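Take a moment to look at the chain as a whole before turning to its parts.

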Amino acid sequence: MQVPGGPKPGSYAYGRIWASHLHAYLPQPGAERYRETYDEQASGDWIVWQYVTMDMSDGLTRVDAYHVKTQRASEVWRASPANGVLLKMQLVSNHLWYLTETVQSSVKSETVETELHDRNLETGADRVVLISAAQGREEVATDFAVDGSTVAVIEERAQDVLRVPMKIPFTLELDDLAHHRAVTVAHGENENPTTLCAANGIYAWSSNAAGVMAYVSATGQTLHISSTPSYVAVGGHEVWWHAINSDAYGGENVLTGERLRFPSSVKPVGIVFSNGVGIVNTMHNTYTFSPSA
């Protein structure tokens, strides 16, 4: 289904978010020149986005949130020496989960510290869920995805985070917050940053070494979805991917093994899921679809 109600061709406002159901742009608190929105997400009654410079080079990312019912937007987080830099965020209903990183340096060593936060957007309460601090070959969290009470975490060695060598091994761990259990389910090399995503017990990610992989908790299987390093999205029982460096794309129902494609007229440049609905962006239109339940 094509999404109607967009701005007229040629009338898009730079760096703003258009809400088709409102037929208007969302308010942008504290608008600044040469900044634009990035990583827009919607869940329940909330929409969040990062507000960044065009080349994202100054490390001064901030996060804004918009409440659909009150139609108010506000700043909820900003990078700083104390807060660190933002590695990733995920909106789940009225909870914003976000992963930050700081580096503490001394004469003899450097320590990488990452913190996973859970912020209640309605109350403003912010709790730290996971903390990892490491040096050398010790591991820290560098990517995450939330699925119910389980948090999937990609961990890499602190020395690799600091130096970025050619080969960066990583570990995928599932942390069951409700039962205080953690289990390692996969290993890999050279994850494509922040590609880890999860839904309905399916955890998918991409790496330069292996392409797109998925771990299915119901069966305990790790599946090879595609050999192409890609952006990844999970919805229902489907894993969709779109190549980072080409127009290649595809999907797979991980329960049936069925390979999935869109009609030949739809040529995706991006595939995401929001509020359980699949969204396909092309160069000219936006479409929605319902994944298999």
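Two strands are said to pair if DSSP finds at least two bridges between them. Helices (H or I, at least four residues) and strands (E, at least two) are DSSP runs, numbered from the N terminus. The model is predicted, so local features need pLDDT of at least 70 and side-chain atom pairs count only at pLDDT 80 or more, while totals for chains, interfaces and linings use all residues. Residues are numbered from 1 along each chain as its sequence is written, and side-chain values use heavy atoms, with hydrogens and water left out.

The chain holds one helix and 25 strands. Its C-alpha atoms fill a box of roughly 60 × 45 × 35 Å, taken along the principal axes. The radius of gyration is taken over C-alpha atoms, and the globule rule is 2.2 Å times the number of residues to the power 0.38. For 293 residues a compact globule would have a radius of gyration near 19 Å, and the chain agrees because its value is 19 Å. A residue is buried under 20% relative accessible area, exposed over 50% and partly exposed in between (1.4 Å probe, protein chains only). Buried residues make up 47% of the 293 residues in the chain.

Begin with strands β5 and β6. Strand β5 (residues 62-67) and strand β6 (residues 72-78) run antiparallel and are joined by six bridges. In this pair, D64 stands opposite E75 in β6. The two strands form a hairpin with four residues between them, and Q71 in the turn has a positive phi of about 60°.

Next comes an open sheet of four strands in the order β7-β8-β9-β10, with antiparallel pairing. Its edge strands, β7 (85-92) and β10 (126-134), each pair on one side only. Neighbouring strands in this sheet are turned by 15° against each other on average, direction ignored. Such angles run from 0 to 180 degrees between N-to-C directions, and the axes are lines fitted to C-alpha atoms, for helices over the stretch in contact. Seven bridges link β7 to the antiparallel strand β8 (residues 95-105), and M89 has Y98 in β8 opposite it.

How many residues of strand β11 are buried? In β11 (residues 139-147), eight of the nine residues are buried, and the strand is mostly covered. β11 pairs with strand β12 (residues 150-157) in the antiparallel sense over eight bridges. One of the partnered residues is E139, whose bridge partner in β12 is R157. Two residues lie between the strands of this hairpin, where G148 takes a positive phi near 65°.

Further along is strand β17. Strand β17 (residues 211-216) is largely enclosed by the rest of the structure, because six of its six residues are buried. Strand β16 (residues 202-207) pairs with β17 in the antiparallel sense over six bridges, and S206 has V212 in β17 as its bridge partner. A hairpin with three residues between the strands is formed by β16 and β17. β17 is also joined to strand β18 (residues 221-226), which runs antiparallel to it, by five bridges. Here M213 stands opposite H224 in β18. The hairpin of β17 and β18 has four residues between the strands, and G220 takes a positive phi near 75°.

Most residues other than glycine have a negative phi. N200, in the loop between β15 (197-199) and β16, has a positive phi near 55° and is not a glycine. N275 is not a glycine either, and has a positive phi of about 55°. N275 lies in the loop between β23 and β24, and counts as partly exposed because its relative accessibility is 48%.

Strand β24 (residues 277-281) pairs with β25 over four bridges, and I279 has T288 in β25 as its bridge partner.
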